[in-house]
Amino acid sequence: MGGGVGEGRVPGAGRPAEGLQPRGRRQGGRTPAGLSHRSGRSGPGGRSRARRLAGASTLFKVTGETGQRWPGPGGRELASSSVLPAPPGRSSGRSVLRSGGSDVAQQFQYAVRVIGSNFAPTVERDEFLVAEKIKKELIRQRREADAALFSELHRKLHSQGVLKNKWSILYLLLSLSEDPRKQPNKVSSYAALFAQALPRDAHSTPYYYARPQTLPLNYQDRGTQSAQSSGSVGSSGISSIGVYALNGPTPPPQSLLPGQPHHTPGVGDCLRQQLGSRLAWTLTANQPSSQTTTSKGLPNTVSRNVTRPRREGDASGAGEVTEAALVRDIVYVFQGIDGKHVKMDSVENRYKVEAKANLSKSLRDTTVRLAELGWLHNKIRKYTDQRSLDRSFGLVGQSFCAALHQELKEYYRLLSVLHSQLQLEDDQGVNLGLESSLTLRRLLVWTYDPKIRLKTLAALVDHCQGRKGGELASAVHAYTKTGDPYVRSLVQHILSLVSHPVLSFLYRWIYDGELEDTYHEFFVASDPAVKTDRLWQDKYTLRRSMIPSFITMDQSRKVLLIGKSINFLHQVCHDQTPTTKMIAVTKSADSPQDAADLFTDLENAFRGKIDAAYFETSKYLLDVLNKKYSLLDHMQAVRRYLLLGQGDFIRHLMDLLKPELVRPATTLYQHNLTGILETAVRATNAQFDSPEILKRLDVRLLEVSPGDTGWDVFSLDYHVDGPIATVFTRECMSHYLRVFNFLWRAKRMEYILTDIRKGHMCNAKLLRNMPEFSGVLHHCHILASEMVHFIHQMQYYITFEVLECSWDELWNKVQQAQDLDHIIAAHEVFLDTIISRCLLDADSRALLNQLRAVFDQIIELQNTQDAIYRAALEELQRRLQFEEKKKQNEVEGRWGVTAAEEEEENRRIQEFRESIPKMCSQLRILAHFYQGVVQQFLVLLTTSSDESLRFLSFRLDFNEHYEAREPRLRVSLGSRGRRGSHA
């Protein structure tokens with residue numbers, strides 16, 4: 001690139017031109033070429049454009065020597081008023097260019113066509129293909145070492161992201177490597193190079209300025225020459241400008257200035273030919289160089305607003321709008337202010353150029369494209385103006401508006417520079433305007449990056465409509481998931497400002513337990529109406545819609561638990577320990593830098609802070625509950641007393657309560673039962689429990705229904721309060737009450753059957769002298785044995801398979817729990833399991849009804865057997881009394897019995913013998929009903945979805961006794977169980 005224009009060299013010259021310096025500041029004014037991007041970097045396309053413009057501008061300075069004429073074809077001058085540049089030469093002193101006029105005219109016309117062209121390169125934009133061509137060219141020249149070095153340098157260039165248009169750089173190197181002495185048929189490569197220098201959306205040259213390649217490269221006459229060169233004033237617009245290095249406040253908008261006076265076409269022709277000649281010089285590679293001269297400048301009397309003469313075939317444009325007027329309008333439109341020719345159309349909601357304005361279609365289209373910035377600005381400004389005054393929008397919303405204001409402030413800095421540039425050009429005149437004047441094409445290039453930013457901000461505004469708090473932060477975070485690093489960095493900067501209030505809420509919550517959310521923006525909600533006893537369950541909840549998308553559901557749950565644990569310790573446990581002693585490391589959110597750290601290290605730093613606070617706070621809370629409030633001891637006490645785990649205590653209590661509970665429920669008094677309870681405690685191992693536990697144990701009488709006995713309304717109760725009530729809530733204690741009643745009823749059945757068996761053993765010896773009664777005893781024994789087997793299997797199922805297994809799972813989960821929620825959840829699962837397997841849930845209502853029917857049959861057997869035994873014992877007593885009387889009479893010397901007494905005794909015995917079949921019939925009926933209920937119960941068990949219940953049916957009918965009587969039970973248990981499980 002030794003002859004590159006951007007390096008201050010003249011193409012074709014062997015050394016840098018003397019006195020050439022890259023343009024920075026000139027005449028005390030700041031020019032757009034001296035501005036840079038905020039990020040401190042620019043793309044290769046923007047840098048190459050800036051260099052080419054700087055080179056052209058420098059040439060414009062050093063070659064502006066008045067009084068010299070450029071010879072045209074046949075010795076004619078190009079224009080009587082044109083100023084000829086003096087190209088730099090290899091030797092000192094000035095010399096006039098002596099090349100042929102046709103060559104100069106050819107290069108001049110080509111330069112003008114390049115400046116006004118809009119065509120794209122015809123070659124494919126393949127970076128690696130161009131690199132391969134360069135390596136092949138080096139190898140063809142037998143420069144293998146250079147080819148290897150180039151390959152290594154290209155590899156390093158490809159691995160770095162400094163340059164964007166690497167293809168353009170390589171194509172420029174390939175073009176420069178061509179022999180400049182070849183015929184001009186290679187000139188298309190330069191055209192492709194200059195067309196590639198601009199982005200496609202920056203090609204805003206009017207179409208009538210661009211000449212097709214088919215035009216002949218020669219001059220016709222002076223008039224034609226003037227007409228052809230009239231298009232060269234269109235600036236290439238190839239310098240770029242950055243937005244964020246601009247300083248200074250935006251000046252207040254001024255009223256639109258009236259249109260500038262139009263000047264004669266002759267002056268415009270001079271300027272166009274001058275600029276075209278100098279750019280043609282920069283493209284001429286084989287011209288002899290001469291001594292560099294300094295520009296004398298143009299007289300200030302020439303105005304910047306030069307009226308372009310219309311081309312042949314154009315419509316009559318006596319009042320043609322100049323590009324300078326459009327530029328001034330566009331600068332005001334950028335601020336949302338209507339210009340003289342560009343105004344907002346409220347119907348179509350867009351900026352439009354007045355239909356009566358006389359200008360070309362390309363200028364009109366370019367103006368409309370530039371006016372889009374004003375529309376975007378208005379959209380953003382309208383949103384911020386509306387929301388900034390809305391206090392209900394919250395802190396997150398105000399932060400979003402502040403971020404938008406910050407971006408608009410940077411945008412206003414650009415507008416301030418553009419406005420000052422316009423003022424400077426009006427003050428300095430044409431000399432400044434020719435080199436760095438604001439044209440539509442340059443504005444299109446300079447506003448390329450700001451337009452992307454405004455489009456992104458406008459899209460954010462649309463997406464954030466109607467959102468607030470964490471939901472708004474999620475909406476902004478969604479736009480960070482883009483592959484464009486420029487857009488992603490912008491959105492991340494806005495997100496760091498927007499999320500700062502959210503992080504302030506979060507840190508205040510997890511480290512102090514305080515919730516200052518006036519506008520309901522945080523994802524943790526508080527209900528002040530909830531009382532202290534329901535603090536853990538109901539006071540603090542998650543607003544799922546307000547959870548930012550950059551915080552996972554698990555993290556939000558931990559955040560909720562951290563603050564809830566701190567408040568629970570302070571308000572319920574009355575533990576005023578400072579949080580600094582609970583949590584080792586504290587962190588505040590005093591600046592948006594914390595938000596920036598959050599997004600750069602979501603997986604490690606932020607997650608580590610949340611996890612550390614969560615583990616420390618939860619561990620401290622569980623230690624307080626276990627050590628200060630004995631949570632685990634209370635859980636074991638509930639297991640022993642309400643779930644009948646303390647066997648000796650329950651048995652002794654039943655023995656003591658039996659005389660009281662057999663009475664009608666309305667005759668019971670709670671203080672009597674409480675005294676019996678205390679007696680049972682002192683007489684069993686329950687006396688060794690903690691006094692704190694024993695004082696919570698109490699008697700409770702359920703609601704009395706007509707016909708109820710004491711067995712139906714008696715229940716034990718366990719009082720809980722304070723932090724313990726958080727685990728043993730009212731709902732949980734009501735479940736325990738239901739389970740206790742079921743277990744108490746089942747235990748009573750076992751107690752009844754035990755009494756029946758004891759009655760059999762005692763009465764069998766007494767009734768041995770009544771052989772006619774042996775059949776009744778046999779029926780009682782068989783039926784009682786069936787019932788004992790049933791109750792024993794049910795007791796085994798309830799005690800071991802339900803209670804013990806579920807309790808073991810609960811205890812393991814409690815030992816491994818990391819927070820109080822884990823304990824509460826495990827306890828609820830435990831209760832749900834035992835309620836379901838004890839047939840107390842809604843799905844097992846039919847089974848429970850059948851089981852209660854079985855219990856009723858057991859009670860019926862007890863009543864029937866008591867009546868039979870009572871009658872038998874009375875008969876036995878009469879017989880014994882008759883025999884005793886008979887012996888007594890014989891001892892006294894009288895007849896033992898008289899005929900009347902013997903007849904009366906025989907009649908009574910006969911009546912008793914006749915009542916025995918009736919007793920047997922009652923037992924058979926009772927057995928029939930009992931077996932029918934058990935069979936129906938077994939059918940329901942075999943069709944249950946619970947595997948443990950299906951195996952219970954197998955144990956209840958282990959010898960297939962009921963299966964022989966019930967056809968529905970003859971299907972094998974395995975097939976029935978498999979069908980149930982598949983269903």
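This is a predicted model: local features need pLDDT of at least 70, side-chain atom pairs count only at pLDDT 80 or more; totals for chains, interfaces and linings use all residues.
Two strands count as paired if DSSP finds at least two bridges between them.

Strand β3 (residues 342–345) pairs with β4 in the antiparallel sense, over four bridges.

Now follow β4 (residues 350–353) along its length: the side chains alternate between two faces.

| Face of β4 | Residues | Buried? |
|---|---|---|
| One face | Tyr351, Val353 | buried |

**The cores**

The largest nonpolar core has 204 residues. Which of its members touch the most others? They are Phe400, Leu506, Phe649, Leu653, Trp744, Phe773 and Phe790. As for helices, α30 (residues 774–816) gives the most to this core, with 17 residues.

Setting aside neighbours within four places in sequence, Trp744 is in contact with Leu644, Ile650, Leu653, Met654, Leu657, Leu661, Trp711 and Phe714.

There's also a second, separate core of 10 residues, with Ile134, Leu138, Leu170 and Leu174 among them.

**Helix α5**

Two of those names, Leu170 and Leu174, turn up again among the buried residues of α5. Why is α5 (residues 166–176) largely enclosed by the rest of the structure? Because nine of its 11 residues are buried. The buried ones are Lys166, Trp167, Ser168, Ile169, Leu170, Tyr171, Leu172, Leu174 and Ser175.

How values were computed: Residues are numbered from 1 along each chain as its sequence is written. Side-chain values use heavy atoms; hydrogens and water are left out. A nonpolar core is a set of buried Ala, Val, Leu, Ile, Met, Phe, Trp, Tyr and Cys residues joined through side-chain atoms within 4.5 Å. Buried means under 20% relative accessible area, exposed over 50%, partly exposed in between (1.4 Å probe, protein chains only). Contact means heavy atoms within 4.5 Å.
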